[in-house]
Amino acid sequence: MSFLLQVINGLQVGSIYALVALGYNMVYGIVQLINFAHGDIIMVGAYGAYVVLVLCGLPVWVAVLASIALCVIAGVGIEKVAYSRLRNHNAPRISLLITAIGVSIFLQNLFQLIFGSAGIPFPSMFQVAPINLGGLNISFVTILTIVVTVLLMIALQLLVGKTKIGKAMRAVSEDADAAKLMGINTNSTVAFTFGLGSGLAAVGSVLYSNAYPMITPFMGSMLGLKAFVAAVLGGIGSIPGAMLGGFIMGIVESLTKGYISTQLADAVVFGILIVVLLVKPSGLLGRNATEKV
Amino acid sequence: MSEMLKVENLNVSYGAIHAVKGISFSVNAGEIITLIGANGAGKTTTMHAISGLIRSGGGITFCGQSIHGMAAHKIVKLGLAQVPEGRRVFAKMTVQENLEMGAYGRKDKAAIADDLERIFQRLPRLQERRRQLAGTLSGGEQQMLAIGRAVMAAPKMLLLDEPSMGLSPILVHEVFSYIQDINAAGVTILLVEQNAKMALSIASRAYVLETGAIAMSGDAEALAKDPQVQRVYLGG
């Protein structure tokens, strides 16, 4: 029984890793950039929800929508202000990477300036009694997190596979110049991708803050880093890879906490990163490094 | 005949390398024009500059409108499409998705469906493989797909960059006959080729590009008989 509970807890935290990892992978897929500011988008979303919910006293659904909107605007804004000019002038990739780290530091300090560096308790958004499933008492937030994540992943698969903008995303990620020759506006496709990834991160952010109700300007660093490991594990650039990597990471972390040691959990998680990089750098579902052109 | 594309004093540099040195040429509506020259003569660079993929100096006018400095996707919407060198099909998308991408800038759904049907009729091999990933096609099929994809943009003019590259002589004939069909349907063609013999055989006029400058130009038939062209480009 306790094993099953650990797995379910793992699926919960894994769902959040997956939602965040999707942003890393979609952006990497389309512009080959590890957007290190992506983790801080989670923090922006959490503070956004907090302001609307607690300071403005508005209902939960408004807070959720406001958090998503804020993250989408932040994600697209970062792309337009910080990255797109570098990209359009063919700046070396390392310049973009350093810029991403700079944006991350900027966001953390901006929010520290506004809200202070001390943690702020995040109110429980969903006051629903635990649900009994086959003798196991599972919290509502846990079930909500897993269900919402699975639904969003199905929706995302449909979006990328079937819609016009989804096909444009795939075309741009495969060959941006050829996509331009098809009449695809690559800049707006990239901006859409940033917005989509940031929106998913906002959902992850709200769910995370309900499970771990203390928000700080630095909360995005560790969560973002773990989601990045999940992205590498699943295969950087791969959308199904982000989902798989997220779930595996969550379950491994939860089982380590439950059966080995809480303190070792982070070591195991980052140990996974080292093993993946040594054994299969392209990740579980990643593209092969050698591609036939 | 009205002038469809006019390139004036086009200059492109990559750092210290002056790849295209002030070339000028024009293409009239309905023509097949070819730009021939050796590897590194600046043919592909010229094509990229016209399509807006790289920055250039000089003037480029399409259907009386300046397209110099315009974003590449907007140029396609004006009716100037390109089949890039090396085919560049989207390998991880299906044949049909590739063709749909060609019509990305169009809104007329019914006409798009008609055009797709027409391409499948002309290229039945692609129809058989419509759900297959483009990366699994043979080189010749990929080239036909790349051309079909550009035709899906319903262009007034098509730029083709080395469509014969890496293909067997039989396939080269198939590709060139498809190009002639497209031209017969009213699409103006600018063809860049290393295979000068084939290119001169279907073109009305030609320009010979040498190290970034136009060395010769004129009637394609006359150029094919020119002793210097024969010696350098036709291996005669």
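Modeller: Contact means heavy atoms within 4.5 Å. This is a predicted model, in which local features need pLDDT of at least 70, side-chain atom pairs count only at pLDDT 80 or more, and totals for chains, interfaces and linings use all residues. Residues are numbered from 1 along each chain as its sequence is written, chains are lettered from A and ligands numbered from 1 in the order in which they are written, and side-chain values use heavy atoms, with hydrogens and water left out.

Colleague: Among the contacts in chain B with a separation of 6 or more, what percentage comes from residues 24 or more positions apart?

Modeller: Contacts in chain B are considered here if their separation is 6 or more. Of these, the share that joins residues 24 or more positions apart is 67%.

Colleague: What percentage of the residues of chain B count as buried?

Modeller: Buried means under 20% relative accessible area, exposed means over 50%, and partly exposed lies in between, with a 1.4 Å probe and protein chains only. Helix H1 (residues 43-51) of chain B is mostly covered, with eight of its nine residues buried, among them B:Met47, B:His48 and B:Ile50. For the 236 residues of chain B, the buried share is 52%.

Colleague: In what order do the four strands of the open sheet in chain B lie?

Modeller: Helices (H or I, at least four residues) and strands (E, at least two) are DSSP runs, numbered from the N terminus, and two strands pair if DSSP finds at least two bridges between them. The edge strands, S2 (17-28) and S5 (65-66) of chain B, each pair on one side only. The pairing in this sheet is antiparallel, and the order is S2-S1-S4-S5.

Colleague: Which residue in S2(B) is the bridge partner of B:Asn11?

Modeller: Strand S1 (residues 3-14) of chain B pairs with S2(B) in the antiparallel sense over nine bridges, and the two strands form a hairpin with two residues between them, where B:Gly15 in the turn has a positive phi of about 60 degrees. Along this pair B:Val7 stands opposite B:Phe25, while the partner of B:Asn11 is B:Lys21.

Colleague: Turning to chain A, is A:His38 buried or exposed?

Modeller: A:His38 has its place in helix H2 (residues 38-55) of chain A. Leaving aside neighbours within four places in sequence, A:His38 is in contact with A:Val20, A:Gly23, A:Tyr24, A:Gly197, A:Ser198 and A:Ala201. Its relative accessible area is 3%, so A:His38 is buried.

Colleague: How does A:Ala211 count at 27% relative accessibility?

Modeller: A:Ala211 is found in helix H8 (residues 186-211) of chain A, and, not counting residues up to four places away in sequence, A:Ala211 touches A:Gln12 and A:Val141. With a relative accessibility of 27%, A:Ala211 counts as partly exposed.
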